[in-house]
Amino acid sequence: MTGTLYPFLRRDPLDAMASTAGKARESLELRRRVLHEMEGRLAACAAALAAAFRGGGRLFTFGNGGSSTDAQSVADLFTGRGLPAVSLAADTALVTALGNDVGFEVVFARQLAALGGAGDIACALSTSGGSANVLRGLQRAAGLRMVTVGFAGSGGGRMAEERLAEHLFVVPSSSVHRIQEAQATLYHVLAELVSAAAG
Ligand SMILES: O=C(CO)[C@@H](O)[C@H](O)[C@H](O)[C@H](O)COP(=O)(O)O
């Protein structure tokens, strides 16, 4: 019974190790590649964010599922460095009320309309680049003349096709796991660069 429900428990441990080593290599190579290829874009984004923070701007982050936890991490990285940031995915009562009463596609856009303004920063995280509420958030942020930053994977989806983010980081992978790992590497480096430039 256990074997049926949990086939991985029956796998040859050597196979499992080989597969783990392959994933570690894939993860490392992808993170090295994005840091190398996006170095200039990271520097430009960091300069724009540092200028926005110096001008009194605040950072609003958002995403769904695993990307909502990344949105929280990004907000915490900046707040911890004394730079004002908040995750729009964190207020469960508000997200569920807006989703239930109005529509899930507005849960971030509505919050940005209420809290954001010109000179603030919107940072959207998605693995597909296609989540409707994330795209609506970026569109609203652009309408409010906020600085827009987007993290995506899988070719960038509509986030890339419709050029919804001024500073766009598309991880070249279709694995949700590898995309989120590489995005985490990128935003950690971004936070370091911004705090060095803003401080
Ligand atoms: O990948 C995970 C967890 O790592 C999922 O929770 C995932 O984030 C969710 O399916 C999201 O709804 C996917 O949204 P997105 O990344 O395509 O914007």
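Visitor: Which residue in strand 2 is the bridge partner of L59?

Guide: A85 is the bridge partner of L59. This is a predicted model, where local features need pLDDT of at least 70, side-chain atom pairs count only at pLDDT 80 or more, and totals for chains, interfaces and linings use all residues. Residues are numbered from 1 along each chain as its sequence is written.

Visitor: What is pLDDT, and what does the chain average?

Guide: pLDDT is the predictor's confidence in each residue, from 0 to 100. The protein chain averages 94, and 94% of the residues score at least 70. Where pLDDT is low, the predicted coordinates should not be read in detail.

Visitor: What ipTM and pTM does the complex get?

Guide: The predictor gives an ipTM of 0.98 and a pTM of 0.92.

Visitor: Back to strands. How many bridges join strand 1 and strand 2?

Guide: Three, in the parallel sense. Strand 1 covers residues 59–62, and strand 2 covers residues 85–87. Strands here are DSSP runs (E, at least two residues), and helices are runs of H or I with at least four; both are numbered from the N terminus. Two strands pair if DSSP finds at least two bridges between them. F60 also has a residue opposite it in strand 2, namely V86.

Visitor: What does strand 3 do with strand 1?

Guide: Strand 3 (residues 121–125) pairs with strand 1 in the parallel sense, over four bridges. There, I121 stands opposite L59.

Visitor: Which way do the residues of strand 1 point, and are they buried or exposed?

Guide: L59 and T61 point one way, F60 and F62 the other, and all are buried. Buried means 20 or more other C-beta atoms within 10 Å of a residue's own; exposed means 12 or fewer, partly exposed is in between, and C-beta atoms are placed from the backbone. In a regular strand the side chains alternate between the two faces of the sheet.

Visitor: What is the strand order in the whole sheet?

Guide: The order is 2-1-3-4-5, in an open sheet of five strands with parallel pairing. Strand 2 and strand 5 are the edges, each pairing on one side only.

Visitor: And what about strand 5 itself?

Guide: Both of its faces are covered. H167 and F169 on one side, and L168 and V170 on the other, are all buried. Strand 5 pairs with strand 4 in the parallel sense over four bridges. H167 stands opposite V149.

Visitor: New topic. Which residues surround the ligand?

Guide: Among them are N64, G65, S126, T127, V134 and Q180. Near means that a residue's C-beta atom, placed from the backbone, lies within 6 Å of the molecule. Helix 4 and helix 9 (176–198) each supply at least two residues of the shell.

Visitor: How many of the shell residues are nonpolar, polar or charged?

Guide: Two are nonpolar, nine polar and none charged. Ala, Val, Leu, Ile, Met, Phe, Trp, Tyr, Cys and Pro count as nonpolar, Asp, Glu, Lys and Arg as charged, and the others, Gly among them, as polar.

Visitor: What is the phi of S154?

Guide: About 50 degrees, a positive value, although S154 is not a glycine. S154 sits in the loop between strand 4 (147–152) and helix 8 (157–161).

Visitor: Why does S154 count as buried?

Guide: Because S154 has 20 C-beta neighbours inside 10 Å.
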